[in-house]
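Here is a short report on one chain. Look over the model first, then read on.

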Amino acid sequence: MKIKIISVGKIKNKRIFQLCSTYKDRIKHFTKLEEVILKSGTNHSENEKIVNHLKHSKGLHFALSEDGNSFNSNDFANKLSSIIGQLSFVIGGTEGLNEEVKANCDEIISLSSMTFTHEMAQLFLLEQVYRAFTIKQNIKYHK
């Protein structure tokens, strides 16, 4: 499996950036991880860039949105372990993802019914991906 994270805008908060880097390094022990950071702009231009990228990208695409399907950590781990090939996670900018982006994704998933900044969403996603690998490989971290 290869994981790609498509996001809008760089992480500006240094503490969040450091935590994300830590989880990226940990994830790389389990699978390949690629990041695609799209330049911020208007909501329309951001979503247009995402759609264009998705159309030229292989594998499954999961959009992150508060209105998506919710999983507990074990169910998320099971879902990830069932995927072969590439999986892309899409994180929108400050105004989120539009319906066109969501329509171009295979599934919409929710980290929470609450709204987070795109920086926090990336951190929480990375932590849950790492947690999923530790669950499936029975590594002490989850408990």
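## Overall fold

This is a predicted model. The chain holds five helices and five strands. Read from the N terminus, the elements run β-α-β-α-β-α-β-α-β-α. The radius of gyration is 14 Å, close to the 15 Å that the globule rule gives for 143 residues, so the chain is as compact as a globular protein of that length.

The C-alpha trace spans about 45 × 30 × 25 Å along its principal axes.

## Burial, surface and contacts

Of the 143 residues in the chain, 47% are buried. The accessible surface comes to about 8,200 Å². Carbon and sulfur atoms account for 49% of that surface.

Now take the contacts between residues at least 6 apart in sequence. Of these, 85% join residues at least 24 apart.

## Helices H3 and H5

Two packed helices are described by the angle between their axes and the distance between the axes. Here the pair is H3, residues 73-81, and H5, residues 118-136. Their axes come within 8 Å and cross at roughly 80°. Angles from 65 to 115 degrees count as roughly perpendicular, and H3 and H5 are therefore roughly perpendicular to each other.

Which residues in H3 meet H5? They are Ser73, Asn74, Phe76, Ala77, Asn78, Leu80 and Ser81. On the H5 side, the partners are Leu125, Gln128, Val129, Arg131, Ala132, Ile135 and Lys136. By class, the contact of H3 with H5 has seven nonpolar, five polar and two charged residues.

## Phe116

Phe116 lies in the loop between strand S5 (107-110) and H5. Is Phe116 buried, partly exposed or exposed? Its relative accessible area is 32%. Buried means under 20% and exposed over 50%, so Phe116 is partly exposed.

Leaving aside neighbours within four places in sequence, Phe116 is in contact with Ala121 and Phe124.

## Lys102

Lys102 sits in helix H4, residues 99-103. Its relative accessibility is 10%, so Lys102 counts as buried. Not counting residues up to four places away in sequence, Lys102 touches Ser65, Asp67, Leu97 and Ile108.

How far apart are the C-alpha atoms of Phe116 and Lys102? They are separated by 18 Å, and the two residues lie 14 residues apart along the chain. To sum up the pair, Phe116 is partly exposed, whereas Lys102 is buried.

Definitions and conventions
Residues numbered from 1 in each chain as written. Predicted model: local features only at pLDDT ≥ 70, side-chain atom pairs only at ≥ 80, totals over all residues. Heavy atoms only, no water. Axes fitted to C-alpha atoms, helices over the stretch in contact; angles between N-to-C directions. Helix = DSSP H or I, 4+ residues; strand = E, 2+ residues; numbered from the N terminus. Parallel < 35°, antiparallel > 145°, perpendicular 65-115°, else oblique. Contact = heavy atoms within 4.5 Å. Nonpolar A, V, L, I, M, F, W, Y, C, P; charged D, E, K, R; others polar. Rg over C-alpha atoms; globule rule 2.2 N^0.38 Å. Buried < 20%, exposed > 50% of the residue type's maximum accessible area, 1.4 Å probe, protein only. Areas by Shrake-Rupley, 256 points an atom, 1.4 Å probe, with all protein chains shown as cover.
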